[in-house]
Amino acid sequence: MDCRLRAATELFAHTWDPVILAGLSQGPLRRAGLRALSGGISDKVLTESLRRLLANGLVERRAFRTAPPRVDYGLTPLGASLVEGPLRAMGDWTREHGEELLEAQERAAGRAAG
């Protein structure tokens, strides 16, 4: 159980991975669409995130033989189950308690600075 739990919690350890997964929940996207949706992710970090999500079996890459070549990224069934389960629950929690969380962090930062 310990290895499985660590592997699962690792999925939320990278800042952009949940953002990319949430974006792909609307359907397949190209890299430019993912960058626009993510608002601020660098190309390097997007590449790292996509590689990580592909390696974990959460995202699939589909290449089309067109001129110019086209590549789309989409959720696998495993990725969709993560988005619809834990990621949705975290989003619900964040909408309900996000302000409290930010306020607590600001208070702690103020105490650390003072």
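Visitor: Where is the place of Pro 68?
Guide: Pro 68 sits in the loop between strand E1 (59-64) and strand E2 (70-75); strands (E, at least two residues) and helices (H or I, at least four) are DSSP runs numbered from the N terminus. A cis peptide bond joins Ala 67 to Pro 68, with omega at about -5°. Residues are numbered from 1 along each chain as its sequence is written. This is a predicted model, where local features need pLDDT of at least 70, side-chain atom pairs count only at pLDDT 80 or more, and totals for chains, interfaces and linings use all residues, while side-chain values use heavy atoms, without hydrogens or water.

Visitor: What makes H2 oblique to H5?
Guide: The axes of helix H2 (residues 16-24) and H5 come within 10 Å and cross at roughly 125°. That angle makes H2 oblique to H5, because under 35 degrees counts as roughly parallel, over 145 as roughly antiparallel, 65 to 115 as roughly perpendicular and the rest as oblique. The axes are lines fitted to C-alpha atoms over the stretch in contact, with angles from 0 to 180 degrees between N-to-C directions.

Visitor: Which residues of H2 and H5 meet?
Guide: Pro 18, Leu 21 and Ala 22 of H2 meet Leu 82, Val 83 and Leu 87 of H5, where contact means heavy atoms within 4.5 Å. By class, this contact of H2 with H5 has six nonpolar, no polar and no charged residues. Here Ala, Val, Leu, Ile, Met, Phe, Trp, Tyr, Cys and Pro count as nonpolar, Asp, Glu, Lys and Arg as charged, and the others, Gly among them, as polar.

Visitor: Why is H2 called roughly perpendicular to H4?
Guide: The axes of H2 and helix H4 (residues 43-55) come within 10 Å and cross at roughly 75°. H2 is therefore roughly perpendicular to H4. Trp 16, Asp 17, Ile 20 and Leu 21 of H2 make the contact with Val 45, Leu 46, Ser 49, Leu 50, Arg 52 and Leu 53 of H4. The contact of H2 with H4 has seven nonpolar, one polar and two charged residues.

Visitor: Which residues of H2 and H3 meet?
Guide: Trp 16, Val 19, Ile 20, Gly 23 and Leu 24 of H2 meet Leu 34, Leu 37 and Ser 38 of H3. By class, the contact of H2 with H3 divides into six nonpolar, two polar and no charged residues.

Visitor: How do H2 and H3 (residues 31-38) cross, and at what angle?
Guide: Their axes come within 10 Å and cross at roughly 115°.
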